[in-house]
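Welcome! Take a look at the sequence and the model first, and then read on.

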Amino acid sequence: MKVLVTGGAGFIGSNFIRHMLAAHPGYTIVNLDLLTYAGNLENLSDIETLQKYRFVKGDICDKGLLEKLDFDAVIHFAAESHVDRSILDSAPFLQTNVLGTQALLEEARRRGCRMVHVSTDEVYGSLAEGAFHETSPLMPNSPYAASKASSDLIARAYCETYGLDVVITRCSNNYGPYQFPEKLIPLVIANALQGRPVPVYGDGLNVRDWLYVGDHCTAVDAAFHKGGAGEVYNIGGRNEQANIGIVRRLLIAVARKTGAPEESLLGLIAFVKDRPGHDRRYAIDPSKIERELGWRPSTPFESGIDGTVDWYLSHRPWWERIISGAYREYYDLQYGKRAIL
Ligand code: NAD
Ligand code: TYD
């Protein structure tokens, strides 16, 4: 099987490609990624020379390019993914997340192949009590969430209208290796290690449901191989945490591991103006994927967070090259023109 993975140079996509190559040695993976600011080929430097892996630099909106690629199934991660950026400018979010998804759906339809559309719990909006179910209404609050909800609905329509074999997954917040340091967890670790202020939006009591990225990868794998056509699967680890609790936990872990005084790192916390439209709480009910596909997360939050702090400590050059911008040179240095179609 030749699987097209979109957005494979990003955080979850790169973890997923590594997972797929290890879990399914017979597969070939084509990684289509535009290398926006969030795409970093250094995430995949250890596998880039494998025969069964190929990188193509390109835009998922480019229908001519999609037609030329050789694949039998699509697993679609590519997106503009950061809520704060969507508040500053929603245009790239609509372009990539909505029109790019439509282009991929159209290409999957032309070939009659399976597509997994990787989405988010943010499409459901904010929750006062209980947990999101697959049937909960879509009430997105940020331009990012609205663009993902739009793409979910187009995916659904392609199944209903054309009989496309599409599966939608909606996962809670991920953390782990290779997450771009604009997102909460890597940002806190990187800022702590540089002695920079750690911004906490509003009162810090917003709640997110956190899942280790490796567990998201096994869930998408299960959805790809065992999910029903037209089905939606919520993915989460029943792990609700208030932001301020996570921030304190991370700072205490960094202090313990580096020998820095705990009080000085906790003193970096800076409560800042809240994010507009900031969702108060997300919580996922993953019973359907557990029951129907037999998926279970395997990384407890405590060890996942501890391992993630260790990873950012031991991969300081990785995130320092992002902060300096040097990571953007990697494609030209390693690939030159050979990966361009
Ligand atoms: P990311 O921002 O780290 O990576 C996105 C990747 O997509 C980058 O490599 C980027 O270069 C690529 N890309 C962007 N626009 C493109 C285009 N037009 N054509 C081709 N490639 C393009 O994102 P992530 O955190 O890895 O998220 C991956 C997917 O998972 C997204 O669809 C996101 O909505 C979803 N998701 C993320 C989370 C999370 O916590 N990060 C949770 C649930 C769902
Ligand atoms: P983020 O990692 O951006 O994920 P999302 O907005 O998709 O949930 O943010 C996670 C939570 O942390 C969210 O409630 C916003 C908050 N946050 C901060 O308090 N400070 C920060 O600097 C960032 C980036 C996020």
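In which helix is the place of leucine 153? Leucine 153 sits in helix H5. Please keep in mind that this is a predicted model.

**Getting your bearings at leucine 153**

- Leucine 153 counts as partly exposed because its relative accessibility is 47%, and a residue has to be over 50% to be called exposed.
- Between the C-alpha atoms of leucine 153 and asparagine 97 there are 12 Å, while the two residues are 56 apart along the chain.
- Helix H5 itself spans residues 143-162 and will come up again, as it is one of the elements that give two or more residues to the shell around ligand 1.

**Ligand 1 and its surroundings**

- Ligand 1 is surrounded by 28 residues, and the closest are Ile12, Asp33, Ser81, Tyr144 and Lys148.
- Sorted by class, this shell holds 13 nonpolar, 12 polar and 3 charged residues.
- Aspartate 33 uses its side chain here: an N or O atom of that side chain is 2.5 Å from an oxygen atom of ligand 1.
- The backbone takes part too, with a polar backbone atom of phenylalanine 11 found 3.0 Å from an oxygen atom of the ligand.
- A nitrogen atom of ligand 1 is likewise 3.0 Å from a polar backbone atom of isoleucine 60.
- On its own, ligand 1 has 850 Å² of accessible area, and the protein covers 97% of it.
- Two or more residues of the shell come from each of helix H1 (11-23), strand E5 (114-120), helix H5 (143-162) and strand E7 (173-175).
- Of the elements, E5 gives the most to this shell, namely 3 residues.

**Ligand 2 and its surroundings**

- Around ligand 2 there are 16 residues, the closest being Glu122, Pro199, Arg208, Arg275 and His278.
- The shell of ligand 2 is made up of 6 nonpolar, 5 polar and 5 charged residues.
- Arginine 208 reaches the ligand with its side chain, where an N or O atom lies 2.9 Å from an oxygen atom of ligand 2.
- Asparagine 243 also has a polar side-chain atom 2.9 Å from an oxygen atom of ligand 2.
- For tyrosine 201, a polar backbone atom is 2.9 Å from an oxygen atom of the ligand.
- The protein covers 96% of the 510 Å² of accessible area that ligand 2 has on its own.
- Helix H6 (184-194) and strand E8 are the elements that give two or more residues to this shell.
- E8 contributes the most, with 3 residues.

**Salt bridges across the structure**

- How many salt bridges does a search of the whole structure find? The search finds 19 salt bridges.
- Glutamate 107 and arginine 111 form one of them, with their closest N and O atoms 2.7 Å apart.
- These two partners are about one helical turn from each other, because they are 4 residues apart in helix H4 (residues 91-111).
- Glutamate 107 is buried, as its relative accessibility is 5%, whereas arginine 111 is partly exposed at 26%.
- Another salt bridge brings together the side chains of aspartate 203 and arginine 280, at 2.8 Å from N to O.
- This pair links distant parts of the chain, 77 residues apart: aspartate 203 is in the loop between strand E8 (198-201) and strand E9 (207-212), and arginine 280 is in the loop between strand E12 (269-272) and helix H10 (287-293).
- Aspartate 203 is partly exposed at 37% relative accessibility, and arginine 280 is partly exposed with a relative accessible area of 37%.
- Glutamate 240 and arginine 281 also meet through their side chains in a salt bridge, 2.8 Å from N to O.
- Glutamate 240 is partly exposed at 39%, but arginine 281 is buried at 13% relative accessibility.
- Finally, Arg256, Lys257, Asp306 and Asp310 are joined in a network of salt bridges.

Terms used
Residues are numbered from 1 along each chain as its sequence is written. Chains are lettered from A and ligands numbered from 1 in the order in which they are written. This is a predicted model: local features need pLDDT of at least 70, side-chain atom pairs count only at pLDDT 80 or more; totals for chains, interfaces and linings use all residues. Side-chain values use heavy atoms; hydrogens and water are left out. A residue is near a molecule or strand if one of its heavy atoms lies within 4 Å of it. A polar contact is a pair of N or O atoms within 3.5 Å; within protein, one must be able to donate a hydrogen and the other to accept it, and residues adjacent in sequence count only if both atoms are side-chain atoms. Accessible areas come from the Shrake-Rupley method with a 1.4 Å probe; for residues, only the protein chains shown count as cover. Ala, Val, Leu, Ile, Met, Phe, Trp, Tyr, Cys and Pro count as nonpolar, Asp, Glu, Lys and Arg as charged, and the others, Gly among them, as polar. A salt bridge is a side-chain nitrogen of Lys or Arg within 4 Å of a carboxyl oxygen of Asp or Glu. Buried means under 20% relative accessible area, exposed over 50%, partly exposed in between (1.4 Å probe, protein chains only).
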